[in-house]
Structure formats: structure tokens, C-alpha cells
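The following account leads the reader through a protein chain and the two ligands modelled with it. Please keep the sequence and the structure in view while reading.

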Amino acid sequence: MADLPIDPKKLPVHVAFIMDDNGRWAQRRGLPRHLGHKAACMRLSSLLRHCRDLGIKVTSFFAFSTENWNRPKDEIDHLMEYLWMFFQNNIDELVKSGTKVYVSGERDRLPKDTLEICDRAVELTKDNDRFAFNICLDYGGRDEIVRAARLFASDCLEGKAKPSDLTEQSFRSYLFAPDLPDVDLLIRTSGEERLSNYLLYEIAYSEFVFANVYWPDFDDRELDKCLVEYSKRNRRFGGLSRG
Ligand code: IPE
Ligand code: IPE
Ligand code: MG
């Protein structure tokens, strides 16, 4: 167990990360952009371990957006290769640590070997229940909501659902990872302060922390700082402040 930087009662259940600034991290070192994605995958492995050590139950990581297909093919190919390596290197640890893997996003455009290793990780960890690791790959928040609406409409046409029965809660069953709780803390590295189409339904009442650090440099101590910042926030959910 790592030393907790905060009162355990103030630990977020679900932390979502926007892993940004990988390309600039590499360019600043005179390296090709794709090596930033390689360093990013290494950072992802070590941070995932730190989250588990701290006792953070659920983590989501934004690895590739629906808009990232606009990048050069060479960069995308490298990124997919590094993600494949990430799963290859971490699959045993995910299984042994009791982590259930979720892959959120569209499937059709992903390379076959990326899809295969993702499916393998999901299958091998499907009965785990200590931690959840959600990787968002070819993921867009609007895409997720539109897809959910389409699935709901199909259920209505087939007589399995009725428009008048739909609630905010039941709508979740059409999302990519229906059983995960809402995001408590959203962290974006790079100093950029935007969502870039991430988890739009799930972040309705999340706390945001924007860390002015390149993702490959976002180490365990940087995460601890974000948790301290989070622990000072007063979450009201539309109600009144306590104390
Ligand atoms: C984030 O890093 C990873 C992806 C978007 C795939 P970037 O590749 O966006 O790095 P910067 O923001 O260009 O530095
Ligand atoms: C968001 O980063 C997507 C991921 C981290 C995967 P981007 O670099 O794509 O976001 P923008 O383009 O700066 O908004
Ligand atoms: Mg970026």
C-alpha cells in the first residue's frame, strides 16, 4: 500500500485521465512525436499501479479519440502498436490484481490486432471485481450518447423498451461501461483546459483538475498533488454546502 496523501474518506472512487501532451513532450526532446506515445504508455502502466496501491477503485484513461483519426497515419500506427504493447506487458498484472478491464469506444475502425488484444484483456478479467480499468479507445462522448440513443430506439422498435420509461439511470445501460460509477475526479495534463469530447454523460458532477505537466512526466507525486487538490473541494451536487 502506498502512503495516502489524503484522508481515505476523501479518496475519489472514479478518476478519469486525459493523457495529453505526449507529442509535445517528444518534440521538446528533439524526438519524433510517436516516441511521446511510447513514453505515455509506460507512464500509464506505472500510474495504474500507483492508483491500485492508493486504493482507487476505478480509473478511466483517454487513449484515442474519435477525432484523433485526423492525425497522420504513421503516428496512429505507432500509437496502436504501443497500446498493443501496453496490454501485452500488463495483462498478467491486470488479471492478478483483480482488475476488470473495460474498453470504451467504437470497434470497427481499430486495427485487428489492437481489437484482439483488447478483447483478450476483457475476457481474461471479466470476473475480477477489486478494481476497474477503463481504456477509452476510438472514444467520443458525443458518439457514445448518439450510439446509446440509437440502441434505445432499436429496443423501442422491438418492443423491449418504451420512451416514457427512459430515465437518466436506465439510459446508462446503453453506454459503453454501464456499471461504472460517475467520474469523481477528472485530470487533464498539458495545462490545456478543455474536455475534448471526453465522457460527457459521466462527468456531470466531476471535479476537474488541470495539471500543467506533460503526461509522460505525470508521476505518482503529481497524482498525489491532484488528490490533495480534490480533497479540498466542496462537492454540493446542487445542494447546500456541508459545515
Ligand atoms: C495525447 O497526446 C494523446 C493523443 C491525443 C492520442 P497528443 O498526441 O495530443 O500530444 P500533444 O497534445 O500534441 O502534445
Ligand atoms: C484528447 O487530446 C484526446 C486524448 C488524450 C486521447 P487531443 O490532443 O486530441 O485534444 P485537443 O485536440 O487538444 O483538444
Ligand atoms: Mg494533444
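**The ligand shells and the fold**

The shell around ligand 2 consists of five nonpolar, two polar and four charged residues, where Ala, Val, Leu, Ile, Met, Phe, Trp, Tyr, Cys and Pro count as nonpolar, Asp, Glu, Lys and Arg as charged, and the others, Gly among them, as polar. This is a predicted model, in which local features need pLDDT of at least 70 and side-chain atom pairs count only at pLDDT 80 or more, whereas totals for chains, interfaces and linings use all residues; side-chain values use heavy atoms, with hydrogens and water left out. Residues are numbered from 1 along each chain as its sequence is written, while chains are lettered from A and ligands numbered from 1 in the order in which they are written.

The residues around ligand 2 include Ile18, Met19, Phe62, Ala63, Phe64 and Asn68 (a residue is near a molecule if one of its heavy atoms lies within 4 Å of it). Strand β2, residues 58-65, gives the most to this shell, with three residues; strands (E, at least two residues) and helices (H or I, at least four) are DSSP runs numbered from the N terminus. Taken alone, ligand 2 exposes 390 Å², of which the protein buries 77% (Shrake-Rupley method, 1.4 Å probe).

Ligand 1 is surrounded by 13 residues, and the closest are Asp20, Gly23, Arg24, Arg33 and Arg71. These 13 divide into three nonpolar, four polar and six charged. An oxygen atom of ligand 1 lies 2.8 Å from an N or O atom in the side chain of Arg71. Backbone contacts also occur, with an oxygen atom of ligand 1 at 3.1 Å from a polar backbone atom of Asn22 and at 3.4 Å from one of Asp21. On its own, ligand 1 has 370 Å² of accessible area, and the protein covers 87% of it. Helix α1 supplies the largest share of the shell around ligand 1, three residues.

The protein chain as a whole holds seven helices and six strands, in the order β-α-α-β-α-β-α-β-α-α-β-β-α. Its radius of gyration (over C-alpha atoms) is 18 Å, close to the 18 Å that the globule rule (2.2 Å times the number of residues to the power 0.38) gives for 243 residues, so the chain is as compact as a globular protein of that length.

Note on methods: A polar contact is a pair of N or O atoms within 3.5 Å; within protein, one must be able to donate a hydrogen and the other to accept it, and residues adjacent in sequence count only if both atoms are side-chain atoms.
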